Amino acid sequence: MRRNKMRVTGAVAVSAALALGAVSCSDDDGGSGGGDEVTIGFMGDLTGENSGLVIPPKQGAQLAIEQYNATNPKVKIKLKTYDSQGKAEQATTLAQGAVKSDKIVGLIGPAFSGESQSVNPILNEAKIPSVTPSATGIALAEKGWKYWHRVVADDAVQSVGAGEFLSGSVKVKKVFTVSDNQEYGKGLADSVGNAVKTKGAQVQSDAVDDKGNDYSSTVNKINQFKPDAVYFGGYYAVAGRLFKQLREGGYKGKVMSGDGSLATGLIEGAGQANAQGALLSCGCMIDAEGKTNAKAKKFADDYKAKFGSEVAIYSSEGFDAATAFIEAIKAGKTKAEEINGFLKTEDFQGVGKQIKFDDKGELATQDIFIYEVKDNKLPLLGNSKQATVS
């Protein structure tokens with residue numbers, strides 16, 4: 001996810017309500033610090049307009065750390081949350097405090113790419129490692145940061161996966177791409193358009209105002225073009241409004257969006273009837289039924305028992321990002337630079353995917369997954385290379 005001013009299956013609204021207590025700059029596990037305790041931060045939008053995309057990974061990270069601390073380890077972890085509201089300037093101030101005052105030895109996040117652009121130079125200078133569960137901006141891996149990692153595929157991988165899925169399974173001949181004209185949304189929509197063009201599809205595009213409510217001009221252009229599919233790049237609030245107006249305007253083809261729209265808020269915004277069949281692409285693994293591996297099932301069960309809701313977007317990635325730090329601390333690495341060195345050697349099966357970082361901090365193996373709205377849920381269809389539409 002990425003957003004300049006900042007960027008699920010499951011009941012995200014319930015998760016959000018349960019987690020709103022962990023906002024601003026707060027302690028989740030308590031404790032006063034000391035030689036037998038280290039502090040790991042989590043940074044992202046916990047109360048802003050896109051908090052439904054960030055609370056699930058925060059809860060995943062919280063669960064991992066609570067389970068670790070429950071084993072009564074030699075060195076416990078204090079999780080400290082930083083509510084950036086997805087705003088780069090706010091994230092910068094919080095990061096400076098996290099480094100200087102809170103003495104964090106690692107950061108899970110930032111959640112969005114815009115804030116990551118601002119925060120990671122601070123972390124890099126302070127030699128504090130970070131693992132983001134959800135920032136997908138392509139440029140982040142090209143900055144030369146030595147302390148940056150992520151457990152999700154970037155937007156380039158997502159656009160190729162979504163394009164291959166549309167061309168292969170959906171068999172599109174004509175695609176209309178729409179974006180919110182922001183960095184994340186426009187980049188993703190343009191890249192998906194280019195991906196289907198290489199497969200021979202005709203493409204037209206347009207942009208909508210992410211603060212607007214009337215998308216009739218775009219709806220008219222789409223109906224005139226008569227595409228097989230509409231792909232929207234942006235976030236679930238705008239996607240919901242657009243898909244609602246498309247269906248009410250008579251469009252019958254497929255609608256699809258990316259990870260920024262993979263939330264139950266999309267269904268709420270579009271209306272359940274209008275949202276049915278909507279497709280979503282994401283580098284995240286949401287496996288509430290544990291179809292992919294045994295760890296996924298246990299995690300889903302533990303997550304629901306703890307938070308009263310199904311695993312959601314980036315829940316698994318939050319858990320795996322925290323686990324990457326936990327494994328380093330279990331190995332006796334309690335200083336930030338020691339932890340960073342250990343991260344570069346890790347290779348373990350996470351609850352979502354294999355966690356192994358390349359020399360740029362990217363996952364060594366990257367996949368894109370496809371989800372489809374059914375009733376009020378967004379079940380996994382499968383890997384973009386094998387998923388088929390219902």
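Modeller: This is a predicted model, so local features need pLDDT of at least 70, side-chain atom pairs count only at pLDDT 80 or more, and totals for chains, interfaces and linings use all residues. Residues are numbered from 1 along each chain, and side-chain values use heavy atoms, without hydrogens and water.

Biologist: At what angle do the axes of helix α12 and helix α13 cross?

Modeller: Roughly 110°, with the axes of α12 (residues 315-330) and α13 (residues 336-343) coming within 9 Å. Axes are lines fitted to C-alpha atoms, for helices over the stretch in contact; angles run from 0 to 180 degrees between N-to-C directions. Helices are DSSP runs of H or I, at least four residues, and strands are runs of E, at least two.

Biologist: Why is α12 called roughly perpendicular to α13?

Modeller: The term covers 65 to 115 degrees. The crossing is at roughly 110°, and therefore α12 counts as roughly perpendicular to α13.

Biologist: Which residues in α12 meet α13?

Modeller: A324, F325, E327, A328 and I329 do, against I339, F342 and L343 in α13. Contact means heavy atoms within 4.5 Å. The residues of this contact divide into seven nonpolar, no polar and one charged. Ala, Ile, Leu and Phe are among those counted as nonpolar, and Glu is among the charged.

Biologist: What makes β8 and β15 edge strands?

Modeller: β8 (202-207) and β15 (380-383) each pair on one side only. Pairing takes at least two DSSP bridges. Strand β14 (residues 369-372) and β15 have three, in the antiparallel sense. They belong to an open sheet of seven strands, ordered β8-β7-β9-β10-β11-β14-β15, with mixed pairing.

Technical notes:
Angles under 35 degrees count as roughly parallel, over 145 as roughly antiparallel, 65 to 115 as roughly perpendicular and the rest as oblique.
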